[in-house]
Amino acid sequence: MIKNLSVSNFSLQHSLESGQFFRYSLVDGWYYVTVRDMFFRLRQQNNLLEFEGCSELFIKHFLGLDIDYAAMVEFIAKDDCMKQAIVCCQGLRLLNQDPWECLVGFVLSSVSNIKRITANLQSLSTGDELRLGTHVSCMLPRPGSLTASSNARLGFRAKYLSEINELVTESWLRKIGKLPYLSAKEELMTLSGVGEKIADCVLLFGYGFHEAFPVDVWVQRVMQENYCPKLKKPEHIASFGRNYFGTHAGYAQQFLYHWRRSFLSS
DNA sequence: TTCCAGGTCGTTT
DNA sequence: AAACGACATGGA
């Protein structure tokens, strides 16, 4: 059964296709999305969001519709650069992903690209089959159950994931979410293969720590071009971003990342 | 063939 | 504290 939801200040395309989430595919105008044991589809026409296969309560939270968007935009729109990014990425929302799936996805992301990350996640998704009409997807196994066949082609990331699968438990994942930002980050970084950038991605996209400011090569580029040309190291730029954009730094980062990649030349 | 890709880690200045 | 180079693999 297809259900409707009225939305404002929201772009499904910008939200799903801004590099924060990898478990979706676009087929015949519908986005098919897999999250834990849920497999659902959705599409948007202006203020109408149609969805099927999950509850309204879940989708509102997953899509980040339960925040005051106007207040967030007002908070970070401190300069012309950010204002321009916001206009171009109008309706972009930070998703609320599952922490484990987010962790696996971003460990795969290092020195990779979105297409390959998506394929790698697909090959790791060996769990129960999920069906929606004629479409099929599979669960990503929970911590302790991840198995990477040799043809998964994970490269040097395979050893990281194998160790993370050994060490991580559901209770450890829950504990991270209850810690303050800096402690949570420190704890995540005890995992081999998780440095500052990936920890920030997991905290931002998986745990909702909106003060996190992950700095990859694109954010580094856009920040050096517009904010802090003198800062060279990603961790310095990250700390600049957190100080400058404050509690909504994560949103600022996502606008800048998507804007720099999708609307400006390399 | 060579270079680079949503980084991290160990080693050397 | 900052600056390398290696790491697997695939696509341009």
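Colleague: How does the lining of the largest pocket divide by class into nonpolar, polar and charged residues?

Modeller: This is a predicted model, in which local features need pLDDT of at least 70, side-chain atom pairs count only at pLDDT 80 or more, and totals for chains, interfaces and linings use all residues. Residues are numbered from 1 along each chain as its sequence is written, and side-chain values use heavy atoms, with hydrogens and water left out. Ala, Val, Leu, Ile, Met, Phe, Trp, Tyr, Cys and Pro count as nonpolar, Asp, Glu, Lys and Arg as charged, and the others, Gly among them, as polar. On that basis the lining of the largest pocket has 12 nonpolar, eight polar and three charged residues.

Colleague: Which residues lie nearest the centre of the largest pocket?

Modeller: A pocket is an open set of points on a 1 Å grid over the protein atoms alone, where a 1.4 Å probe fits, with protein on both sides within 12 Å along at least five of seven lines; lining residues have an atom within 4 Å of a point. Of the 23 residues that line the largest pocket, those nearest its centre are Ser109, Ser112, Lys197, Asp216 and Tyr257.

Colleague: Which element gives the most to the lining of the second largest pocket?

Modeller: Strand 2 (24-27), strand 3 (30-35), helix 6 and strand 7 (135-138) each supply at least two residues of that lining; helices (H or I, at least four residues) and strands (E, at least two) are DSSP runs, numbered from the N terminus. With four residues, the largest contribution comes from strand 7.

Colleague: How many aromatic pairs are there, and what kind is the pair of Phe40 and Phe58?

Modeller: Rings of Phe, Tyr and Trp (its six-membered ring) pair if their centres lie within 6.5 Å; planes under 30 degrees apart count as stacked, over 60 as edge-to-face and the rest as tilted. The count by this rule is 18 aromatic pairs. The centres of Phe40 and Phe58 are 5.7 Å apart and their planes at 80°, so this pair is edge-to-face.

Colleague: Is Phe40 buried or exposed?

Modeller: Buried means under 20% relative accessible area, exposed over 50%, partly exposed in between (1.4 Å probe, protein chains only). Phe58 has 22% and is partly exposed. Phe40 has 0% relative accessibility, so Phe40 counts as buried.

Colleague: Over which ring does the charged end of Arg41 sit?

Modeller: A charge sits over a ring if NZ of Lys or CZ of Arg is within 6 Å of the ring centre and within 35 degrees of the ring normal. For Arg41 the distance to the centre is 4.0 Å, and the ring is that of Trp30.

How values were computed: Chains lettered and ligands numbered in written order.
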